[in-house]
Amino acid sequence: MNNTSLKPKKGFLHYVEKGGNALPDPAILFALFCVGVLLLSLLGSLLGWSGAHPATGEPVGVQNLASRDGLHWIILETVRNYTSFAPLGIVMVALLGIGIAESSGLIKTAIVTMLAKAPAKFVTVIIVFAGLISNVASDIGYILIIPLAGTIFHSLGRNPLVGMAAAFAGISGGFSANILISTQDPLLAGLSTAAAQIIDPNYEVLPTANYYFMAVSTFMIAAVVTVVTVKWVEPRLGPYTGDLPVEEMEKPTPLERKGLRRAGYVCLVWIGLIVAGLLPENGILRGMDGQIITTPVLRGFITILFAIAITAGMAYGFTVGTFKKAADVIGGMNNSIKTLATYLVLVFFCAQFVAWFDWSNLGMLLAINGANFLDRVDMGLIPLVIIFVLLTGIINLFMGSASAKWAIMGPIFIPMFMLSGYSPELTQAIFRVGDSFTNIITPMMVYFALVIVYFQKYDKKSGIGTIIATMLPYSIALLVSWTALLIVWILLELPLGPGVSLFYTLPY
């Protein structure tokens, strides 16, 4: 179909799209970064780049990757760099469990049940909330919730474009927020751990590192997106004037509801077992020092998530018939791992980049000089937070992958912030705010084209400009409100997650 609305006039966002399209595949990008690190290490060693370690005062110089020692290290450590890369195993284990819950139909039925039972006056906020929590299963929100939101709004006599815009804002604009631990949490935590260990080899960022902040953010974002939808977007778009007939929304069958109940019982059993292992003073799940805060449940949360997702998915799958034998369960795992093919290739080059950056001492020197600069300008934490959020949001216009961005930015900013006295968990939280609010206005977002298709179902003239104009109020509102929440959180010095401080002190 020749749709001229898909060819908006040239402007800033046109060049954003053009610039993003000019970027190579992320795996190639990281391969080029590796070459860049090698050349910089050679140049730095020839020019004698050095600095003083802020804690010990000892000189830190560049290690040349192109030297005899450097080339030997590359040859001997390439495999270890890949297999020991923190996010790799974490993401694979998490997706094995989530894959079963998703392939059984459990996640889809849970979301549809939530939306089907939504009272008309609360339908907007429930759709947004469902979008927010859908990232527990990665990208299911884009596939399921956005078109479903259009159907629901249409059936209520409201503009279906409004429903889809609200769903898109919740799913993508608030992508990092959730009341549950999602696949995003262990992925970013693994990258943050690798970056933090440039300064402190024993530092570990847990998947629960930002849980408190992200859980509160979920409710704040749901409220903000709902208000923007009702007060701005819906009046602007007006009533639906198209001739597409109203569709009936498929509600869960009695068998699916039965499966959902059984999956719920399984989750309650797991919660009971965890509580029983934590509450007694000698509880088996308490840390070796007897404290709840050091429980392996936090450090090994991915194992807990894996177990809950598998057993709840099996309870649902065998009830409704999506699983008929044990091999079907393994098939669900196989399907989830198949989706990781692109990620596994990307991680190989990403792991080498992070390891080379660390071994060459370029990361340490950049952190030292960056921390010294921040100390000289003395702008304070709050202005620094605002600048970092805006910088991340601008970069996100050109590079959609959160993991690819954080793999580049983490090794630079986490050590820099650590040397300035701020924790890796805080740096990660700032990144997550900046990484989300521009998702809904950049054509570089991988599902942007799909959202256009959804809009065109109800309005054939919808195009890139339509989506951006509709979503821009959400983007601005999320930037202001989410950054404000983070600033208040910092001023009150609230923990970002269980046992997580905003501040960091060098261990030596």
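Colleague: Hi! How many cavities of 30 Å³ or more does the structure hold?

Modeller: Two cavities of that size are held in this predicted model. On a 1 Å grid over the protein atoms alone, a cavity is a set of points where a 1.4 Å probe fits but cannot get out, and lining residues have an atom within 4 Å of a point. Volume is the space filled by probe spheres set on the points, which are joined across faces, edges and corners.

Colleague: What volume does the largest cavity have, and which residues line it?

Modeller: Its volume is about 60 Å³. The lining includes Phe85, Pro87, Leu187, Tyr343, Cys350 and Ser403.

Colleague: Which helix gives the largest share of that lining?

Modeller: That is α15, with four residues. At least two residues each come from α9 (184-196), α15 (341-359) and α18 (402-419). Helices here are DSSP runs (H or I, at least four residues), numbered from the N terminus.

Colleague: And how does the lining of the largest cavity divide by class?

Modeller: Into 10 nonpolar, one polar and no charged. Ala, Val, Leu, Ile, Met, Phe, Trp, Tyr, Cys and Pro count as nonpolar, Asp, Glu, Lys and Arg as charged, and the others, Gly among them, as polar.

Colleague: How about the second largest cavity: which classes line that one?

Modeller: Four nonpolar, three polar and two charged residues. Asp185 and Arg432 are among them, and the volume is about 30 Å³.

Colleague: Quick check on ground rules, what should I keep in mind about numbering and confidence?

Modeller: Residues are numbered from 1 along each chain as its sequence is written, and side-chain values use heavy atoms, with hydrogens and water left out. As the model is predicted, local features need pLDDT of at least 70 and side-chain atom pairs count only at pLDDT 80 or more, while totals for chains, interfaces and linings use all residues.

Colleague: New topic: how many salt bridges are there?

Modeller: Five, each a side-chain nitrogen of Lys or Arg within 4 Å of a carboxyl oxygen of Asp or Glu. In one of them, aspartate 435 meets lysine 405 at 2.7 Å, N to O. That pair links distant parts of the chain, with aspartate 435 in helix α19 (residues 424-436) and lysine 405 in helix α18, 30 residues apart.

Colleague: Is lysine 405 buried or exposed?

Modeller: Buried, with a relative accessible area of 0%. Aspartate 435 is buried too, at 3%. Buried means under 20% relative accessible area, exposed over 50% and partly exposed in between (1.4 Å probe, protein chains only).

Methods
1 Å grid on protein atoms, 1.4 Å probe; cavity = no way out; pocket = protein on both sides within 12 Å on 5 of 7 lines; lining within 4 Å.
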